[in-house]
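This report is a guide to be read alongside a sequence and a three-dimensional structure. Please keep both in view while reading.

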Amino acid sequence: MIMRYLPHTDVDVQQMLEQIGVSSIEELFSGVPENCRLKKPLAISDAKSESELLLFLKGLAEKNSKTSDWDSFLGGGAYNHFIPTVIDQLVSRSEFYTAYTPYQPEISQGTLQAIFEYQTMICQLTGMDVANASMYDGASACAEAALLAIRAGKKRHKVLLSQGLPPQYRETVATYCRYLDVDLIDVPLQDGVTSQQELSALLDEQAAAVIVGYPNYFGQIEDLAAIAELTHTAGARLVTAVSEPLSLALFKAPGALGADVVVGEGQSFGIPLSYGGPGIGFFAVRKKDMRVLPGRLVGETVDQDGKRGFVLTLATREQHIRREKATSNICSNQGMCVLMVSIYLALYGKQGLRKLAELNYAKATYAKNQISQLKGFAIPFAGTSFNEFVVTCPEPVARLKKRLEQQGILAGISVGRDYSDLKNGLLICVTEQNSREQIDRLVLALAGGEA
């Protein structure tokens, strides 16, 4: 879809000025001090015609690389999954792409129903009781989960963060809590997962929450049941952050393992990578925390004639102007992304998601086994992983990545930047988009051959 730019004519401008009671553009900006005004034209080139401008923008776009131009094994929180064409087709309908936050439920039934269906499927996927109408992204949802635990924990002010939580999630939690009376404590890892011994030693009566990744940043599956038992014994809440939600179609739901709050990033479900955004944060809780849930919640009801209808519930507009007493300042939701996720989940269904998750797991396992046999390479963590894993390399990762890029391969993400003990560690992700031939080329290139 191309949206054309339609400039205002001089007559349009004059009519607008008259409507607001000023005679000129200069009078409109008379409140801007003289010393703050630009005294010369903007340093921009001459205007182009529409055809010239389109060619110029096309040239700029061609300087970017697409995942389809590479054998990409990048993951770490943004995943290259296949997006069925029907998703773009449906969300391009005007009633969807022009819709805004449904303040007036009586005229927003379609939008509200889409959000309600999304909430339902997120609950089914996570094993939780209630989900909200989405957050901005997985990292901010994780931070909001920490704040929920602090609010619900009364006088508790400590949040324990597993070092296996994605680095960007930990940074976002720290940003949200920077000026609050919250102590953020890192929980060390053991063999790539949260150390239960260290966690047990850190848990006390001041702990409001324990936050772990599931899978964690290294692709490892945490022992949530054991962590939940330790956490609940101390009276704290267990928060799981899921950056790759497709894994939930294969592994046991966090809710069934004792999680109190499940947050994560839904980009894997039908949302393009798009250079890092937008994403969509999902947020699910148990009924006991329903009234301290941030964001918005859509509920189902019946009208005066007994017909099914949908409303915004437990989040009046006044909630969002209560300053520090509010559960969250989020008064909107990622409406278009919600719809894309809903269509994706409904399209694949329970069995389709399971088969897709199994395909991801199988391909990643094949890649891991092949790489582990290469001289100088090793898999440092023995636990179960999903579709990404860490490899330690016999040469500096930066040099290895540059060498593989020359062969059209994006080998993965260097983890040494965030984990000094893994300075030669490479995080490799394999999805259904990677063919066996691509995986074999990766293995050959890692071994020093020409892919």
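The model is predicted.

**Aromatic residues**

A search of the whole structure finds 9 aromatic pairs. In one of them, the ring centres of Tyr217 and Phe218 are 6.0 Å apart with their planes at 55°, so this pair is tilted. Tyr217 has a relative accessibility of 4% and therefore counts as buried. Phe218 is also buried, with a relative accessible area of 1%.

Tyr217 takes part in another pair, with Tyr419: the ring centres are 6.1 Å apart and the planes lie at 25°, so the pair is stacked. This pair links distant parts of the chain, as Tyr217 and Tyr419 are 202 residues apart. Tyr217 belongs to the loop between β7 (207–213) and α10 (224–233), whereas Tyr419 belongs to the loop between β15 (413–414) and β16 (425–429). What is the relative accessible area of Tyr419? The value is 7%, and Tyr419 is buried. Together with Phe381, the residues Tyr217, Phe218 and Tyr419 form one aromatic cluster.

An aromatic ring also meets a charge elsewhere in the model: the charged end of Lys48 sits over the ring of Phe56, at 5.5 Å from the ring centre.

**Helix packing**

Helix α7 (residues 138–152) packs with helix α8 (residues 167–177) at an angle of about 50°, and their axes are 8 Å apart. The two helices, α7 and α8, are therefore oblique to each other. Their crossing is right-handed. On the α7 side, the contact is made by Gly138, Ala139, Ser140, Cys142, Ala143, Glu144, Ala146 and Leu147. On the α8 side, the contributors are Gln168, Tyr169, Thr172, Val173, Tyr176 and Cys177.

Helix α11 (residues 335–372) and helix α13 (residues 436–446) have axes that come within 10 Å and cross at roughly 20°. That angle makes α11 roughly parallel to α13. The crossing of α11 and α13 is right-handed. Here α11 contributes Lys363, Tyr366, Ala367, Gln370 and Ile371 to the contact. The residues supplied by α13 are Arg436, Ile439, Asp440, Leu442, Val443 and Leu446.

Which residues of α10 are buried? They are Leu224, Ala226, Ile227, Ala228 and Thr231. The elements covering these buried residues of α10 include β6 (193–194), α9 (196–202), β7 and β8 (237–242). Just after α10, Gly235 takes a positive phi of about 80°.

Ile83 is located in the loop between β1 (71–72) and α4 (85–91). With a relative accessibility of 25%, Ile83 counts as partly exposed. Although Ile83 and Gly270 are 187 residues apart along the chain, their C-alpha atoms are separated by 5.1 Å. Neighbours within four places in sequence aside, Ile83 is in contact with Gly270, Ile271 and Pro272.

Most residues other than glycine have a negative phi, and most peptide bonds are trans.

Pro278 is placed in the loop between β9 (261–265) and β10 (281–285).

The loop between β9 and β10 also contains Ser274. Ser274 counts as partly exposed, at 36% relative accessibility.

Is Lys154 buried or exposed? At 69% relative accessibility, Lys154 counts as exposed.

Notes
Residues are numbered from 1 along each chain as its sequence is written. This is a predicted model: local features need pLDDT of at least 70, side-chain atom pairs count only at pLDDT 80 or more; totals for chains, interfaces and linings use all residues. Side-chain values use heavy atoms; hydrogens and water are left out. Rings of Phe, Tyr and Trp (its six-membered ring) pair if their centres lie within 6.5 Å; planes under 30 degrees apart count as stacked, over 60 as edge-to-face and the rest as tilted. Buried means under 20% relative accessible area, exposed over 50%, partly exposed in between (1.4 Å probe, protein chains only). Helices (H or I, at least four residues) and strands (E, at least two) are DSSP runs, numbered from the N terminus. A charge sits over a ring if NZ of Lys or CZ of Arg is within 6 Å of the ring centre and within 35 degrees of the ring normal. Axes are lines fitted to C-alpha atoms, for helices over the stretch in contact, and angles run from 0 to 180 degrees between N-to-C directions. Angles under 35 degrees count as roughly parallel, over 145 as roughly antiparallel, 65 to 115 as roughly perpendicular and the rest as oblique. A crossing is left-handed if the near helix is turned anticlockwise from the far one by less than a right angle, and right-handed if clockwise. Contact means heavy atoms within 4.5 Å.
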